[in-house]
Structures are given as structure tokens and as C-alpha cells.
Amino acid sequence: MTVRELTASPSLSTLYVRALLPKGTGDTLPGHEYVRPGIAVDPAHLVAYNRVCGFRLSGEAPATFPHVLVFPVQLALLTERDFPFPLLGMVHVANRITQHQPVRLGERYTARVRAENLRPHEKGRQFDLVTELSTEDGLVWTEVGTYLRRGGGAAESRRAGQLAPPAPKAIWPVPADIGRRYADASGDRNPIHLHPLSARPFGFSSAIAHGMWTKARALAAFVGRLPDSYTVDVRFKRPVPLPSKVAFTSWREGDGWAFELWDARRPRPHLEGVIAAATPSPRPDR
């Protein structure tokens, strides 16, 4: 795999314009990765993110925060002219983050982003967007985001049985403006999250919450109970319409945790996830 180094983070406004341009067609993912050295945590950015997601203020970033740090680099890859799928309409179906050690203020990190593992899905095709953050001392953080492009499914659909939501441990109100507030903190301004009018052309009757906000909000419920190294793996089930109320529940599973978010009024799951201890990884051999 070849390397394309970025000396600065790409402009999000430019990338969003690029996302609207006609795309090439193809069946292969890019054979290169983007590398962006010199990434650092801005204290004001971290404070804004922690507040909108429910984390305590700290000198260490929560495990979901690096996702917004590297988002411009990810978007640069996804909006390339020859990327096989348009950005608008892609569905984030799963996300696995491993924090090998905490991401801290005052450190400089190098990000690597690549797309791999294009494969069939019952509703179309999916691929993994793999991101790594490292320092000279080794790998610090990794993310595998799985994205679905609907259409041309190659497998049979499996019908789920009757769902029965567990007893909630908490009910969280999700305000109508959480999509715009998270967009301000993350840079992710997908129109489906911002306003009912901008969400309707994509098939939604209302704006919906960012999947990564729901993951972060759930993770914030475990603050003070997590080790320095762990993996948090989630599956996004159904979007959270705005505004709404969600029911959160969690339970011990081995040495870790399992958790779910449900619609607080109807038996509809929004997210399911697990948290498991991880071990620090050795320095990647590049």
C-alpha cells in the first residue's frame, strides 16, 4: 500500500463540496493510505466535545474523541474522485475503537487512514475504514468503522425475532439540536443530522443523531470504571430520531461490560456494544 502524506488537515468545507461532485464508479478500494503527522488535542475542542457527549473534563481524551481529530483525514479519503461510493448515502453500521493508551493533551500524534475489506452485505456492499494514531513510542489508538453502501445485495436477509428491551438503568432525553451541537464539536455536518428539512431528501422524517454521538454518550456512562487500555465495539441498529428519549442499560460480561440503547417508548434498539480490556500494542512496523 502506498502512502500519501498530508502536511495539514484538509479543509472540511472543501471536502464537503467535493462530496457533492459526480463520483467515478468501480469495484476496488484505494490502494493507498493517508498519513497526517503532527496532530494534537486542542484543549478548547476537547472541552466542547466532552460537554456535548457527557464526559467529565479531564487532561485525557475519551476513547471516542480521536475519531473527531482524524475525521478530516478520513473524509479526504472517502471523497476522492475514484472512491467507489459517494459519501452521501453511506451508512455507518459498526464501529470498533481500541485505546492502547490514553490520548493526552500536549502529545503529538501521527494518523494513518486506509479503506480495506470490501465485501458483500445482505443490503449491498460494505467496507472497513481503518484509522491508527501513533507516537514515536508506538500505537496509541485504532478505529475500524464499517460502512454500508446500499444496493445490489448478495445475501439473503435474515428476519429478527420479537424484541424485548431490558429494564433500563437510565432514561436520557435527546434534544432536537443535538445533531447541530455535535456537528459543531466534531465537524461532521452530514445534512441528515442537522434539520428535518435537510434530512427528508435522504428518507428521514426528522433529523437523526450521529451514531458516534450515541456511542460516545453511552461510553460516558462508564467514566471512572475503565482501564487505560480497552476496546469498545458497537453495532448501530436503528437511528435515533430528534428529539426523543433513549433507554440505556448495561451489565457485566466477563471482565468487561455490555450495553444497549433503546427507544424509551417502543421496543426498538438503537445501539448494542461491548467493552473489553485490551493490551498495549507494539510499535507498528512500517
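This is a predicted model: local features need pLDDT of at least 70, side-chain atom pairs count only at pLDDT 80 or more; totals for chains, interfaces and linings use all residues.

Biologist: Let's start with the rings. How many aromatic pairs does the structure hold?

Modeller: There are 11 aromatic pairs in the structure. One of them is Tyr49 with Phe65.

Biologist: What makes Tyr49 and Phe65 an aromatic pair, and how do you know which kind?

Modeller: Ring centres have to lie within 6.5 Å, and planes over 60 degrees apart count as edge-to-face. For Tyr49 and Phe65 the centres are 5.2 Å apart and the planes are at 70 degrees, an edge-to-face pair. Tyr49 belongs to helix 2 (residues 43-53) and Phe65 to helix 3 (residues 65-78), so the pair ties together parts 16 residues apart in sequence.

Biologist: Why is Tyr49 called buried?

Modeller: The cut-off for buried is under 20% relative accessible area. Tyr49 comes out at 0%, so the label is buried. Phe65 has 0% relative accessibility too, so Phe65 also counts as buried.

Biologist: And why is the pair of Phe85 and Phe127 called stacked?

Modeller: Stacked calls for planes under 30 degrees apart. The planes of Phe85 and Phe127 are at 20 degrees, with the centres 5.9 Å apart, so this pair is stacked. It links distant parts of the chain: Phe85 sits in the loop between helix 3 and strand 4, Phe127 in strand 7 (residues 124-135), 42 residues apart. Phe85 and Phe127 are both buried.

Biologist: Which residues do ring pairs link into a cluster?

Modeller: Trp172, Phe222, Phe248, Trp257 and Phe259.

Biologist: How do you know that the charged end of Arg225 sits over the ring of Trp257?

Modeller: For an Arg, the CZ atom must be within 6 Å of the ring centre and within 35 degrees of the ring normal. The charged end of Arg225 is 4.6 Å from the centre of the Trp257 ring and is listed as sitting over that ring. Arg252 lies over the face of Trp257 as well, at 4.4 Å from the ring centre.

Biologist: On to strands. What makes strand 4 and strand 10 a pair?

Modeller: Two strands need at least two bridges between them. Strand 4 (residues 91-99) and strand 10 have six, and they pair in the antiparallel sense.

Biologist: What makes you say strand 10 is mostly covered?

Modeller: Six of the seven residues in strand 10 (residues 230-236) are buried.

Biologist: What do strand 12 and strand 13 form?

Modeller: A hairpin, with five residues between the two strands. Strand 12 (residues 256-263) and strand 13 run antiparallel and are joined by six bridges. Trp257 turns up again here, with Ile275 in strand 13 as its bridge partner.

Biologist: Now the second largest pocket. What is its volume, and which residues are closest to its centre?

Modeller: The volume is about 330 Å³. Of the 17 lining residues, Glu60, Ala61, Pro62, Val223 and Tyr230 are closest to the centre. By type, the lining has 10 nonpolar, four polar and three charged residues.

Biologist: Which peptide bond is cis?

Modeller: The one from Leu242 to Pro243, with omega near -5 degrees. Pro243 is in the loop between strand 10 and strand 11 (244-253).

Biologist: And why is Phe71 called buried?

Modeller: Its relative accessible area is 9%, so Phe71 is buried, the cut-off being under 20%. Phe71 is in helix 3.

Notes
Residues are numbered from 1 along each chain as its sequence is written. Side-chain values use heavy atoms; hydrogens and water are left out. Buried means under 20% relative accessible area, exposed over 50%, partly exposed in between (1.4 Å probe, protein chains only). Helices (H or I, at least four residues) and strands (E, at least two) are DSSP runs, numbered from the N terminus. On a 1 Å grid over the protein atoms alone, a cavity is a set of points where a 1.4 Å probe fits but cannot get out, and a pocket is an open set with protein on both sides within 12 Å along at least five of seven lines; lining residues have an atom within 4 Å of a point. Grid points are joined across faces, edges and corners, and a volume is the space filled by probe spheres set on the points. Ala, Val, Leu, Ile, Met, Phe, Trp, Tyr, Cys and Pro count as nonpolar, Asp, Glu, Lys and Arg as charged, and the others, Gly among them, as polar. Rings of Phe, Tyr and Trp (its six-membered ring) pair if their centres lie within 6.5 Å; planes under 30 degrees apart count as stacked, over 60 as edge-to-face and the rest as tilted.
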